[in-house]
Amino acid sequence: LLEQQEISLEEYKETIKNQILASRAMGSAVHSKIELTEAEAKGYYERHKEEFFLLEDIKARQILIQCPPKADPSERQRAEAEAKYVHKALLNGADFAQLAKKHSQDPSSEKGGDIGHIKKGELLPALEKALFALEEKAISPVIETERGFHILKVENKRTKRLKPFIEVKNEILDKLYKDKLSARHKEWIDEIKKEAFIEILY
């Protein structure tokens with residue numbers, strides 16, 4: 001590698017040494033001059049609350065009986081009949097998770113149909129409309145989409161809400177530190193350029 005760069009081992013060592021010294025100098029001149037307080041983070045939080053809102057979401061479960069768009073009438077009839085059978089069982093008090101494991105053809109079936117917390121824009125329009133219209137613990141009617149026949153259940157709903165400061169404090173401190181570091185680094189470079197210019201003049 002040294003031969004390819006046409007430098008000697010001593011020159012290479014000198015280059016590494018200078019890089020280390022430059023890094024230490026920057027650390028002393030830049031990093032050590034940066035100070036942050038919790039009050040600064042709190043101030044940023046109060047001025048930028050819109051950055052820390054969590055959107056409305058719903059923890060939901062799903063059962064899917066697959067039926068491709070080009071399925072023949074008998075296949076579609078079979079899939080719809082199974083979906084209606086499962087739906088009736090749910091309305092009669094059957095456990096959603098157990099039926100999901102037994103009947104659902106969605107990857108979530110292994111988790112009892114649990115599809116996590118869903119925000120608007122994450123589901124097919126027909127499913128989203130039905131899901132967000134449901135109350136907690138409610139079960140949707142059978143919904144047909146291009147994937148097949150779906151049944152949804154709302155486990156719980158969370159409205160749009162502001163994250164507490166304690167949850168985002170470190171995130172804010174990290175952002176403010178990076179902002180100050182960038183500004184201080186620019187100041188340091190400007191100072192070096194100014195000093196170099198003065199040395200050349202004299």
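Trainee: What share of the contacts in the protein chain with a separation of 6 or more comes from residues 24 or more positions apart?

Mentor: In this predicted model, residues 24 or more positions apart account for 67% of the contacts in the protein chain with a separation of 6 or more. The chain itself has seven helices and six strands, and from the N terminus on these elements run α-α-α-β-β-α-α-β-α-β-β-β-α.

Trainee: How do you know that the rings of tyrosine 44 and phenylalanine 52 form a pair, and what makes the pair edge-to-face?

Mentor: The structure holds three aromatic pairs. For the rings of tyrosine 44 and phenylalanine 52 the centres are 6.5 Å apart and the planes stand at 70 degrees. Rings pair if their centres lie within 6.5 Å, and planes over 60 degrees apart count as edge-to-face, so with 6.5 Å and 70 degrees this pair is edge-to-face.

Trainee: Why are tyrosine 44 and phenylalanine 52 called buried?

Mentor: A residue is buried when its relative accessible area is under 20%. Tyrosine 44 has 8% relative accessibility and therefore counts as buried, and phenylalanine 52, at 3%, counts as buried too.

Trainee: What makes the pair of tyrosine 45 and phenylalanine 165 edge-to-face, and which parts does this pair tie together?

Mentor: The ring centres of tyrosine 45 and phenylalanine 165 are 5.4 Å apart and their planes are at 65 degrees, so the pair is edge-to-face. Tyrosine 45 lies in helix α3 (residues 38-47) and phenylalanine 165 in helix α7 (residues 165-201), so the pair ties together parts that are 120 residues apart in sequence. With relative accessibility of 5% for tyrosine 45 and 12% for phenylalanine 165, each value falls under 20%, and therefore tyrosine 45 and phenylalanine 165 are buried. Tyr44, Tyr45, Phe52 and Phe165 form one aromatic cluster.

Trainee: How do you know that lysine 160 lies over the face of phenylalanine 53?

Mentor: Lysine 160 is at 5.1 Å from the ring centre of phenylalanine 53, and a charge sits over a ring if it is within 6 Å of the centre and within 35 degrees of the ring normal.

Trainee: Why is the contact between aspartate 57 and arginine 161 called a salt bridge?

Mentor: A search of the whole structure finds 16 salt bridges, and one of them joins aspartate 57 and arginine 161, whose closest N and O atoms are 3.5 Å apart. The cut-off is 4 Å, so a value of 3.5 Å qualifies. Aspartate 57 lies in strand β2 (residues 57-66) and arginine 161 in strand β6 (residues 161-162), so the pair ties together parts that are 104 residues apart in sequence.

Trainee: What makes aspartate 57 buried, and what makes arginine 161 partly exposed?

Mentor: Aspartate 57 has a relative accessible area of 2%, which is under 20%, so aspartate 57 is buried. Arginine 161 has 22%, which lies between 20% and 50%, so arginine 161 counts as partly exposed.

Trainee: Where do arginine 78 and glutamate 82 lie, and how do you know that they meet in a salt bridge?

Mentor: Arginine 78 and glutamate 82 both lie in helix α4 (residues 73-91), four residues apart, which is about one turn of the helix. The N to O distance between their side chains is 3.1 Å, and because this is within 4 Å, the pair is a salt bridge. Arginine 78, with a relative accessible area of 42%, is partly exposed, and glutamate 82, at 21%, also counts as partly exposed.

Trainee: Why is serine 140 called buried?

Mentor: Serine 140 has 0% relative accessibility, which is under 20%, so serine 140 counts as buried. Serine 140 is placed in the loop between α6 and β4, and apart from its neighbours within four places in sequence, it is in contact with His87, Leu134, Ile151 and Leu152.

Note on methods:
Residues are numbered from 1 along each chain as its sequence is written. This is a predicted model: local features need pLDDT of at least 70, side-chain atom pairs count only at pLDDT 80 or more; totals for chains, interfaces and linings use all residues. Side-chain values use heavy atoms; hydrogens and water are left out. Rings of Phe, Tyr and Trp (its six-membered ring) pair if their centres lie within 6.5 Å; planes under 30 degrees apart count as stacked, over 60 as edge-to-face and the rest as tilted. Buried means under 20% relative accessible area, exposed over 50%, partly exposed in between (1.4 Å probe, protein chains only). Helices (H or I, at least four residues) and strands (E, at least two) are DSSP runs, numbered from the N terminus. Contact means heavy atoms within 4.5 Å.
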